[in-house]
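Subject: Structure for your review

Dear colleague,

Please find below the structure I am handing over to you. My findings follow it.

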Amino acid sequence: MSSNAQPSSPHVMNTYGRLPIALSHGQGCRVWDTNGKAYLDGLGGIAVNTLGHNHPELVPALQDQITKIIHSSNYYHVPGQETLAAKLTELSGLTNAFFCCTGLEANEAALKLARKFGHDRGIERPEIVVYEAAFHGRSIATLSATGNPKVQAGFGPLVEGFIRVPLNDIEALKKATEGNPNVVAVFFETIQGEGGINPMRWDYLRQVRQLCDERDWLMMIDEVQCGMGRTGKWFAHQWAGIKPDVMPLAKGLGSGVPIGAVVAGPKAANIFGPGNHGTTFGGNPLAMRAGIETIRIMEEHKLLENADKVGSHLKESLQRELGSLPGVKEVRGQGLMLGIELDRPCGAILQRACDAGLLLSVTADSVIRLVPPLVLSQAEADEIVAILVPIVKSFLAESKA
Ligand SMILES: Cc1ncc(COP(=O)(O)O)c(C=O)c1O
């Protein structure tokens, strides 16, 4: 995080560079810190708080669930899993879901599916294609799949069996896998989040789908950050008119309640059998209720349309105000997943924005990232622009490329 980050407490491990504030409560897209200062939430808990804060329909539903049962066990049927799996398969066109608690766990499940897919076909050392600048999590397997040396440093030996390729280059993918009978899957984010808001082109996604079909590989799309309506479709890959075989989800699915899922189509849905995979907390009744209610409220309040409309407005405004400034390389992204890439590291913008009452993040060192709640209004989008534009301008004027 920024150079202004404060050290953690004496008892909490020092794993995060944190800004020196603590949030106490929120309402919609506003949050307040423990000193009473208000902020506009352009971060949404890093693409998690889909419905914003204190949503008038989500909160009573969760309260109701807590009084009934929070956790049972996967020793028993959990009716909410049936309901949420049915909904996710309806929205994705896939067939089955497995529930866990986080993004990395969903990705671990995907990686295990790919390996077993290979082993079931007699491939003893399965290999998975992954991408430069990708981020898939911080477990040993998912950090090995991640394309960021900073995330991997100090944690070797990495898990083997990954082939890394650049984004949006079908020839590079073909070349990297040429004559290799051990390839079992291609694994990527439709729009890289932590990597700096880097979208896969739609024509490239279609080419990869075709290659996966021709070569009998699994197409595994990590929609942990870009999924759940953020880009204006339920899942970002749907803009390209394709369907993956495996799709990890998390973040926005529970609107703040920890939840993850891996959703699979016919090619991958029956790879796991009893005993192959599991988790204590995954799919518990509270998390399932959060997922079910989040999707119901998103549908009722047309939040996909809102993400598309308000996101386009926000992007256009940022492009108009910042796009031609020297020092601004690009304003990009889709729906309410936007990045402003500068020509220099810009972590210092975090503190400046925070001081000015706006929460956001900086990723890949030089990309200002906005992933606000999907309930963001056009007026709130305008407010983000009004706060952020002068900050970017003064930062560029005072710093060097
Ligand atoms: C695309 C993507 N995959 C996986 C993860 C890991 O999710 P989690 O932090 O819930 O483990 C993230 C987190 O930022 C992500 O953006």
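In which hand, left or right, does H2 pass H9 in a crossing? In this predicted model, the crossing of H2 past H9 is right-handed. Helix H2 (residues 58-68) packs against helix H9 (residues 285-300) at an angle of about 155°, and their axes are 10 Å apart. Because of that angle, H2 counts as roughly antiparallel to H9. On the H2 side, the contact is formed by Leu58, Ala61, Leu62, Gln65 and Ile66; H9 contributes Pro285, Leu286, Arg289, Ala290, Glu293, Thr294 and Ile297. By class, the contact of H2 with H9 comprises eight nonpolar, two polar and two charged residues.

As to the domains, the assignment divides the chain into domain 1 (23-54 + 303-398) and domain 2 (69-300). Their C-alpha centres are 27 Å apart, and 26 residues of domain 1 are in contact with 23 residues of domain 2. Among the elements giving two or more residues to the side of domain 1 that touches domain 2 are helix H1 (44-47), helix H10 (303-322) and strand S13 (328-334). H10 gives the most to this side, with five residues. The side of domain 1 that touches domain 2 holds 13 nonpolar, nine polar and four charged residues.

Finally, the ligand is surrounded by 14 residues, of which the closest are Thr102, Gly103, Leu104, Val224 and Gln225. Helix H4 (residues 103-120) supplies the largest share of this shell, three residues. The shell around the ligand consists of four nonpolar, seven polar and three charged residues.

Yours sincerely

How values were computed:
Residues numbered from 1 in each chain as written. Predicted model: local features only at pLDDT ≥ 70, side-chain atom pairs only at ≥ 80, totals over all residues. Domains from an automatic or database assignment. Contact = placed C-beta atoms within 7 Å. Helix = DSSP H or I, 4+ residues; strand = E, 2+ residues; numbered from the N terminus. Nonpolar A, V, L, I, M, F, W, Y, C, P; charged D, E, K, R; others polar. Near = placed C-beta within 6 Å. Axes fitted to C-alpha atoms, helices over the stretch in contact; angles between N-to-C directions. Parallel < 35°, antiparallel > 145°, perpendicular 65-115°, else oblique. Left-handed = near helix turned anticlockwise from the far one by under 90°.
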